[in-house]
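Hello,

Here is the structure I promised to pass on. My notes follow below it.

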Amino acid sequence: MFDKKFSDYSYGFRPNRYAEMAIIQTLEYLNDGHEWIVDIDLERFFDTVNHDRLMNLVSKTVDDGDVISLIRKFLVSGVQIDEEYKETVIGTPQGGNLSPLLSNIMLNELDIELEKRGLRFARYADDCIIMVKSEMAAKRVMRSVTKLIEEKLGLIVNSTKTKVTRPDDPNMKFLGFGFFKDYQADLYKAKPHQKSVENFKYKLKLLTRKNWSVETKFQVERINQVIRGWVNYFKIGYMKSVLGKIDTHTRVRLRTCIWKKWKTAKNRRKNLIKLGMERYNAYKYSHTSKGAVRIAYSWVLTTTITNKRLASFGLISCVQHYKKVHV
């Protein structure tokens with residue numbers, strides 16, 4: 001149905017194209033000397049797409065009138081917000097299967113214009129960066145591309161977030177990645193952005209909260225799911241030391257959860273003995289007045305609920321999984 005060729009520079013929501021490819025392409029440009037970045041931010045893209053402009057582009061690609069009519073109905077179908085129906089006179093319904101495809105049709109026009117100008121860029125859905133060789137060129141490109149997007153596509157560029165920046169700027173984030181210069185290798189490399197790391201740590205924090213009354217086995221399964229998903233996404237980045245710290249912190253929090261689940265001094269004594277602690281010490285520390293976190297950090301649990309025991313229980317290591325999938 002949609003036979004129009006998409007740009008080789010765009011990666012979002014397309015068959016056999018994914019975020020990792022966009023990051024690899026970006027690194028190639030950066031290491032080829034295009035070290036100034038124009039970071040384009042489209043303000044609420046899915047909420048501001050003009051229906052008439054979009055349908056005009058669709059009609060150039062699709063010959064079937066019934067299909068065009070169906071797409072138009074999809075766009076104006078409205079949304080349900082707090083049990084109240086709201087019309088959608090602009091924008092595309094987020095979460096729908098058709099929205100990503102329609103966004104690519106709209107932004108493919110941007111790709112074509114950028115290619116005509118011979119610019120190096122990478123786009124994933126509405127997230128787009130352009131790489132040039134000088135600050136002056138970057139400022140010139142930012143002005144011209146902003147004008148192009150607003151006048152030709154009818155979209156809104158967020159002037160406060162669209163900026164000229166450098167790869168190693170701490171605020172520079174593309175698809176969750178940041179970049180840094182490896183001066184020894186004289187190459188730019190990718191790493192998870194600090195905000196992405198903080199979001200990962202927060203997810204693990206929620207899964208290791210002390211008052212979550214679930215079986216430890218289920219808890220570990222959920223932790224593993226988050227670890228695998230996050231590490232698999234960022235596997236091309238460099239993050240071994242960061243993951244080591246996260247591993248340590250996650251184990252401490254999981255030991256805290258296990259200690260809390262033992263609840264009574266009797267259960268704690270029984271479990272400590274089962275895990276190999278001498279009876280006198282097991283009795284002594286099962287009655288301790290120290291908090292669960294202090295106990296989790298102490299030798300009481302680090303020598304009984306060891307890393308090896310946690311691994312045998314099913315907990316995967318961020319570092320070990322990263323070593324397995326890193327490319």
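**Sheet and helices**

Helix α1, residues 19-30, lies across β1, β4 and β5 (127-132). Relative to β4, α1 runs at about 165°. Helix α6 (residues 135-153) also packs on the sheet. The strands that α6 touches are β1, β5 and β6, and its direction makes about 20° with that of β1. Please keep in mind that this is a predicted model.

The sheet itself is open and has 4 strands. Their order is β4-β5-β1-β6, and the pairing is antiparallel. Which strands stand at the edges? They are β4 (120-124) and β6 (163-165). Each has a single partner strand, so one side of each is left without a neighbour in the sheet. On average, neighbouring strands here are turned by 20° against each other, direction ignored.

Strand β1 covers residues 36-41. It pairs with β6 in the antiparallel sense, over 3 bridges. Within that pairing, valine 38 has valine 164 of β6 as its bridge partner.

Strand β7 pairs with β8 (residues 187-192). The sense is antiparallel, and there are 6 bridges. Aspartate 182 stands opposite leucine 187 in β8. The hairpin has 4 residues between the strands. There, aspartate 186 takes a positive phi near 55°.

Is β7 enclosed or open to the outside? Of its 6 residues, 5 are buried, so β7 is largely enclosed by the rest of the structure.

**Aromatic rings**

How many aromatic pairs does the count give? It comes to 9. One of them is phenylalanine 180 with tyrosine 238. Their centres are 6.2 Å apart, with 80° between the planes, and the pair is edge-to-face. This pair links distant parts of the chain, 58 residues apart. Phenylalanine 180 is in strand β7 (residues 177-182). Tyrosine 238 is in the loop between α8 (216-233) and α9 (240-262). Both residues are partly exposed: phenylalanine 180 has a relative accessible area of 23%, and tyrosine 238 has 40%.

Why is the pair of tryptophan 230 and phenylalanine 234 tilted? The planes of the two rings are at 40°, which falls between the limits of 30 and 60 degrees, so the pair counts as tilted. The ring centres are 4.6 Å apart. Tryptophan 230 and phenylalanine 234 are buried. They also belong to one aromatic cluster, together with Phe177, Phe200 and Tyr233.

**Lysines over rings**

Two lysines are worth a look. Lysine 181 lies over the face of tyrosine 188, at 4.8 Å from the ring centre. Lysine 189 has its charged end over the ring of tyrosine 238, 4.7 Å from the centre. Tyrosine 238 is thus also the ring that pairs with phenylalanine 180.

**Cysteines**

How many disulfides are there? The count comes to 0. Cysteine 128 is buried, with a relative accessible area of 4%. Cysteine 318 is buried as well, with a relative accessible area of 0%.

Best regards

Terms used
Residues numbered from 1 in each chain as written. Predicted model: local features only at pLDDT ≥ 70, side-chain atom pairs only at ≥ 80, totals over all residues. Heavy atoms only, no water. Disulfide = S-S within 2.5 Å. Buried < 20%, exposed > 50% of the residue type's maximum accessible area, 1.4 Å probe, protein only. Pairing = 2+ DSSP bridges. Helix = DSSP H or I, 4+ residues; strand = E, 2+ residues; numbered from the N terminus. Axes fitted to C-alpha atoms, helices over the stretch in contact; angles between N-to-C directions. Contact = heavy atoms within 4.5 Å. Phe/Tyr/Trp six-rings, centres within 6.5 Å; stacked < 30°, edge-to-face > 60°. Lys NZ or Arg CZ within 6 Å of the ring centre and 35° of its normal.
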